[in-house]
Every structure is written in C-alpha cells, then in structure tokens.
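This briefing is meant to be read with the model open beside it.

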Amino acid sequence: MNPNAKITDEQFEAYLKQIRELAEGPFDEMQKEIEVTNKFPEEFYELAKANDLYRYYLPSQYGGWDLNELEILRVQEEFSRGPGGMRMHLHHAADLNWRILDDYGTQEMKDELMNKFQDKSVYVNFALTEQTGGTGADLHTTAEKQPDGTYLLNGEKWLISHTDCSDYTYVIAVTDPNKTKDDRLSAFIVPDDAPGFEIIEMPHMMGCRGAGHAGLKFTNVKLEPKHLLGEEGQGMEVAIHSLSVSRVHIAMSNLGMAQRMLEMSLRRANDRVTFGKPIATRQMIKAKIADMQMMIHVLRTAIYDFARDYDIDPKNEYITEKAAICKLFSIETVKKVSDEMLEIFGGDGYFEDSPYGPTERLYRDCRAMWLEEGAPNVQRITIARECQNKEGQVKYNF
Ligand SMILES: Cc1cc2nc3c(=O)[nH]c(=O)nc-3n(C[C@H](O)[C@H](O)[C@H](O)COP(=O)(O)OP(=O)(O)OC[C@H]3O[C@@H](n4cnc5c(N)ncnc54)[C@H](O)[C@@H]3O)c2cc1C
C-alpha cells in the first residue's frame, strides 16, 4: 500500500470487496434494462458517486486517496467483473478523463476543472478516431490558428465513447497541415457546449451497452489558447503517452472479466454431471482450466510488473512497450478464456441469465477490447518498434 494513501490497508481490502459486490449485484441487475435502452439510468451515476468510484484514483490535492498505480488497477479489476459499458465508463473516469488535463493542461483550465472530477461534476471523453482516416496519426480534423490566437476546429470524430455524459472532449487535430510528421498535430480540451459542436448518433454495439458511443462533428468551433494541451505540435505525444497508460487499464479490464469467467467455469464444471461424473473430473476439461489459469496468471504478473515500473517512474523507457504487451496479451487471454468458458458451459452458456453469471454478456462485452484504444496490430507495431530499438532488451524493477 502507498504509505501516503488516505485509507488504511484494511479499508482498502474492504473497498475491493465492496466494489466487487456492487459490480456483480446492483450493476449486473441494472444492466438488464440498459441492454435494451443503451443508456445508463441516473441511479448508476449516483451509485458510482456513493461508492467513491470517481474519487479513489485521484491524488489527494483533487479530493482523492493517493493510491499508487497498482492499487488503482486492483480497484479496476473488481468493477471490470460487472457490465462492460459501466466498466468502460469507470475505466475511462479513472484514467484519460482527468490524467490528460493534469499532465498537459494549462494552469487556467486546471484551476477551473481539476477539483470537479471527484464527484463527476466534470467528465471528459477522448476523441482520436476518425471515419475518414486510419488508426493513430492519419487525421483530418483541423484546428486552424486565427490572428487573435484562437483556433477554429473543423472536422469529425467517430466511435467515441461517453458522449452522452461528458462536459468536455479531448480532441487531437491538425494545426499545421504543411508539416508531414506527427508535429502537425496538437491536442485540445473542447467544451461540448461550444457552438458548432454536434453529436451524431451511432447504432447499438455488440456489447458494452450504455457507454454513449457516437460520432462528433465540429463546425467552426472556437477554441481559446487556454484549451491547448501541451505545446502546439505535441498532439501525438499527448495521445501516445496517455494511451500507453490507459492500455494497461484495458488489460486490467480483461483480467477482471477473465478471472470472473474462470471462477464461473469452475463452479459450473463442478456442478454439471454427465455420464455419472462432474465434467470437472474429465481430463479434457482440466486441460481447459489449466490453460485459462495459465494465461490469467501470466497476464496478472505482466500488469503488476508494469504498475511497479510506473510507480517508480511514470515516464520510464519501457512504459510504452510493456503497456502494449499487456494489452495485446490481455486480448489473447480474454479470447481464450471466453471461448473455453462457452465450451465448459455447453448450450446453457449461450443464454442470458445463467445462475452462474452473465456468460453471454461477458462473451460479447469482452470483444470490445480488441478495438478499444488500438487494435491488436497497433500493439504489435508498437512492440516491434520498441523491441527493435532496444535490441530485444527489457528491464525489470525486482
Ligand atoms: C467500443 C469502442 C469504443 C471506442 N472508443 C473510442 C474513443 O472513445 N475514442 C476514440 O478516439 N476511439 C474510440 N474507438 C475507436 C477505436 O480506437 C478504433 O476502432 C481502433 O483504434 C481501430 O481503428 P479503426 O476502427 O479505424 O480500424 P481501421 O483503422 O479501419 O483498422 C481495421 C483493421 O486494419 C488494421 N490496420 C489498419 N491500418 C493498418 C496498418 N497501417 N498496418 C497494419 N494493420 C492496419 C487494424 O489493426 C485493424 O485490424 C472505440 C472503438 C470501439 C469498438
């Protein structure tokens, strides 16, 4: 436990239990309706506030608990056992939501907003992806600087989460189209109520329902110099550094889901009797359980290793590579574990409302993780680049 944390070890362990019960109890129950409406009821936000889910991750100067990265991730494992859309909302709240402003915001914007994250008086979504461009730097939205120092934002973003509960949006846009490298991009915090800011509805998703996905359209949205994040030309760095850390939060989400799917599978395998014996006694089923546990354990150790590194130095040279490894391996883990779960459950696993837990929903929810914050290929490109630059060497803080 971080020795400066505002809660004790015992309180922290009790909090983890509280969040697990919340995720698998009231949140799971509430999700049945959200699967149809695709919208969180007000009661969800109220429960999240009452359970400190907008507070636990913040430094105490902003009303938080001064937890270290590993502790923050451990809380995330617990709520990731619940519905995917809520997980997406709470995972974003704990990281990109406030961290980008804290790391790169102007003093004026920090003074205005940093104290408002603790009770969700402010929530900021993140918009990088475009319909007309490719993953990462291939962007076409522009923020053209005006003679008076303001910027005019024009363009679109696509597949953006949390658009129905946000007050601001982090936007990466082209500020200097004449440059050919990443320094043509800059990052901004854009007020969602600015004239010219529009939300474009999208169809329902396969899973993770309720997380407010939509497109955004900007028509001459006026931005003040105080809305710039970092320096002009630093936009790609803002995105890459912020996403590096956030990718580990995705990996932890996958771990939370995988752990629950394993536990559900074990219970089902013990209870289900065929040909006179529980299927848990069959070697073929044991092999599946072993593979699930192996991947979950390796994923957990990779995430814990990242968290240790991050707590020692958040900008250390292996952060980007290790984060991409965690995310890529977590996709392989949740893919394997969800497939094995379905096989162990047999036909019952394909239905909603299993007495062991939401097999069918977890199977759908986890598949968003292939894409959230970068497809597997993007993780591979990152890992290969870092690996080649460092001639295959990786350092560890034992
Ligand atoms: C549930 C969900 C939530 C999301 N939330 C957000 C959000 O809040 N904010 C946001 O900005 N975005 C968000 N996204 C978008 C997400 O980040 C992208 O879907 C993802 O990065 C992939 O980009 P794309 O969909 O444009 O795929 P494409 O770029 O069309 O890629 C399709 C496939 O081609 C591969 N590919 C593309 N280019 C290359 C290349 N050069 N080399 C090799 N392979 C390549 C990709 O790896 C992928 O497998 C969300 C997506 C989902 C599904």
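In this predicted model, helix α8 passes helix α9 in a left-handed crossing. The two helices, made of residues 283–312 for α8 and residues 319–345 for α9, pack at an angle of about 160°, and their axes lie 9 Å apart. Because angles over 145 degrees count as roughly antiparallel, α8 and α9 are described as roughly antiparallel to each other. When the residues of the contact of α8 with α9 are sorted by class, they divide into 16 nonpolar, two polar and nine charged.

**Helix α7 and helix α10**

- The axes of α7 and of helix α10, which covers residues 359–366, come within 11 Å and cross at roughly 155°.
- With an angle of that kind, α7 and α10 are therefore roughly antiparallel to each other, and α7 passes α10 in a left-handed crossing.
- On the α7 side, the residues that take part in the meeting are Asn254, Met257, Arg260, Met261 and Met264, and on the α10 side they are Thr359, Leu362, Asp365 and Cys366.
- Sorted by class, the contact of α7 with α10 has five nonpolar, two polar and two charged residues.

**Helix α5 and helix α7**

- Helix α7, which spans residues 235–271, also packs with helix α5, which spans residues 96–104, at an angle of about 135° and with the axes 11 Å apart.
- That angle makes α5 oblique to α7, and the crossing in which α5 passes α7 is right-handed.
- From α5, the residues Leu96, Arg99, Ile100 and Tyr104 meet Val238, Ser242 and Ser246 from α7.
- The residues of this contact of α5 with α7 divide into four nonpolar, two polar and one charged.

**The domains and the contact of domain 1 with domain 3**

- The protein is divided into domain 1, with residues 9–116, domain 2, with residues 124–233, and domain 3, with residues 236–389.
- The centres of domain 1 and domain 3, taken over C-alpha atoms, are separated by 20 Å, and the contact takes 20 residues from domain 1 and 20 residues from domain 3.
- On the side of domain 1 that touches domain 3, the elements that give two or more residues are α3 (69–79), α4 (84–94) and α5.
- Among these elements, α3 gives the most to that side of domain 1, with six residues.
- By class, the side of domain 1 that touches domain 3 has seven nonpolar, five polar and eight charged residues.

**The surroundings of the ligand**

- Which domains give residues to the shell around the ligand? Domain 2 and domain 3 both do, so the ligand lies between them.
- There are 20 residues around the ligand, and those that come nearest are Leu128, Thr129, Ser161, Ala375 and Asn377.
- Three elements, namely β1 (124–127), β3 (151–160) and α11 (376–389), each supply at least two residues of the shell around the ligand.
- The element that gives the most to this shell is β1, with three residues.
- Sorted by class, the shell around the ligand has eleven nonpolar, seven polar and two charged residues.

How values were computed: Residues numbered from 1 in each chain as written. Predicted model: local features only at pLDDT ≥ 70, side-chain atom pairs only at ≥ 80, totals over all residues. Near = placed C-beta within 6 Å. Helix = DSSP H or I, 4+ residues; strand = E, 2+ residues; numbered from the N terminus. Nonpolar A, V, L, I, M, F, W, Y, C, P; charged D, E, K, R; others polar. Domains from an automatic or database assignment. Axes fitted to C-alpha atoms, helices over the stretch in contact; angles between N-to-C directions. Parallel < 35°, antiparallel > 145°, perpendicular 65-115°, else oblique. Left-handed = near helix turned anticlockwise from the far one by under 90°. Contact = placed C-beta atoms within 7 Å.
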